[in-house]
Amino acid sequence: MMQKHFLVFIGFFLSFLGNAQNIDKQYARKIVDELTSEKFSGRGYVDDGMRKSAEFIAEEFQKMSVQPLNNSYFQEFEMSINIIQKAELKLNGKNLVYGIDFLVDPSSNGQIFQQKEIYNFNPKNYQKALESEKSFQEFIYQDMVGQHQKHIVFPPHHFEVDSLNQYYKHWANFYRPEENKDRAIFYFSKEKLTASLSQQPKEINRFFIKDHYYSENLKIDHYQIESEFNPAYKVSNVIGFIPGKNSDSLVVITAHYDHLGKVGNTIFPGANDNASGTAFMLSMAKHYTENQPEHDMVFIAFAAEEAGLLGSQYFVDNPLIDLNKIKFLLNFDIMGAGEEGIQIVNSAIFTKEYDVLNEINSQHQYVKQIKKRGEACNSDHCPFYLKGVPSFFIYTLGGKGHYHDPLDTGESIDLIEFHDIQHLFIQFIDQL
């Protein structure tokens, strides 16, 4: 009878754990689906996408009784941004799809197609010219004369020397800006199309195009770029506070909520980067509203990470908390996978905390591995770390690998290790 009761208890306990996991994952899925929906327009600079996202996160804080700091969830600031609103391209009679077939340089100016001759840059002649200083000078002269007042085409080409590939990709930057007003530069490549943002416009319009659209008899039928430079675009960090049992120090959990927005009809949903991290931060806040933490906790959703860590840098320069009181900061960015484990930037610096994480993981087998990595200024932990704040940047390994493209949708991430990673860091915070 006793054995029977024990088995019933085990069954009930496992069922309870399974239900808890489902609840965690259901909440995270709800957040991801909401932030990647069309009404937020990619959480960028078109259709008020970032503002709407900030308001949604603040509403989530309010629902779960996370307190505002200084009577407001918002820390507003201004930033400059070059907004690509629309981009069209038609080659050899085919209309190309933005984000899938081509991108434009984020610093591009508005421009309407003008019929011009095409100058085909010759990568083989370029490489050969590097054999001597004299031949290189001759190549530069011939190139400057040949490209004058023409559209410029860089055919797909891969050099064995990596540095040459970079020089080739950016060669167009050497052309005189005043010559680029009524023409465009077309760069064809096998590389993945990875969108980005720019805070400033330039006098150069570049198209980055998938290599299979290149042909020796290339015909440029049409292109158009609509852009707007805003030197004072208003955005907001979203900040919540949960009082702990002790107020001698703070634990800070962060994630950026912004993404690349929308260009024409193409939306960059940013599910993995970083609706998933925002969902993780909110899930942690939800846990600690139901389970009072040992120390005070601050939760920050940063704006404008994709434009250059602007939200986190603004917060560090204008802190609403005492940075010296931060016991540890955990920044979550790209949390939608995890079947291959997690990687932690700064874990080679803060080895004691890294060892604690590994000890917890070895006991419970939450994730496949916790990979060590050194310092890197590649997410919102960086401005804090440079101010001396102990910090980790955590991201998941595995998944489909969609990054800064329209395919990073809610359906493309499964949040497979979301619950386990959450409990790994809950136990880590308990041991700080």
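Of the 114 residues in the largest nonpolar core, Tyr 45 and Phe 425 touch the most other members. A nonpolar core is a set of buried Ala, Val, Leu, Ile, Met, Phe, Trp, Tyr and Cys residues joined through side-chain atoms within 4.5 Å; buried means under 20% relative accessible area, with a 1.4 Å probe and protein chains only. Helix H6 gives the largest share of this core, nine residues. A second, separate core has 16 residues, including Ile 239 and Phe 302. In soluble globular proteins, nonpolar side chains tend to be buried together.

The model is predicted: local features need pLDDT of at least 70, side-chain atom pairs count only at pLDDT 80 or more, and totals for chains, interfaces and linings use all residues. Residues are numbered from 1 along each chain as its sequence is written, and side-chain values use heavy atoms, with hydrogens and water left out.

Contact here means heavy atoms within 4.5 Å.

| Residue | Relative accessible area | Location | Contacts include |
|---|---|---|---|
| Asn 274 | 0% | helix H6 (residues 271–290) | Arg 43, His 256, Asp 333 |
| Ala 304 | 0% | loop between E14 and H7 | Tyr 45, Met 50, Asp 258 |

Helices (H or I, at least four residues) and strands (E, at least two) are DSSP runs, numbered from the N terminus. A polar atom of the Asn 274 side chain lies 2.9 Å from the backbone nitrogen of Gly 277. Asn 274 also contacts Ala 255; Ala 255 and Ala 304 are 49 residues apart in sequence and 11 Å apart in space, C-alpha to C-alpha.

In helix H7 (residues 310–317), the buried residues are Leu 310, Gly 311, Ser 312, Phe 315 and Val 316. They pack against strands E2 (74–91), E10 (220–242) and E14 (295–302) and helix H9 (382–386).

The largest pocket holds about 320 Å³ of space. On a 1 Å grid over the protein atoms alone, a pocket is an open set of points where a 1.4 Å probe fits, with protein on both sides within 12 Å along at least five of seven lines; lining residues have an atom within 4 Å of a point. The volume is the space filled by probe spheres set on the points. Of the 16 lining residues, Leu 103, Lys 169, Thr 194, Ser 196 and Phe 208 are the closest to the pocket centre.

Technical notes. Buried < 20%, exposed > 50% of the residue type's maximum accessible area, 1.4 Å probe, protein only. Polar contact = N/O pair within 3.5 Å; in protein donor to acceptor, adjacent residues only side chain to side chain.
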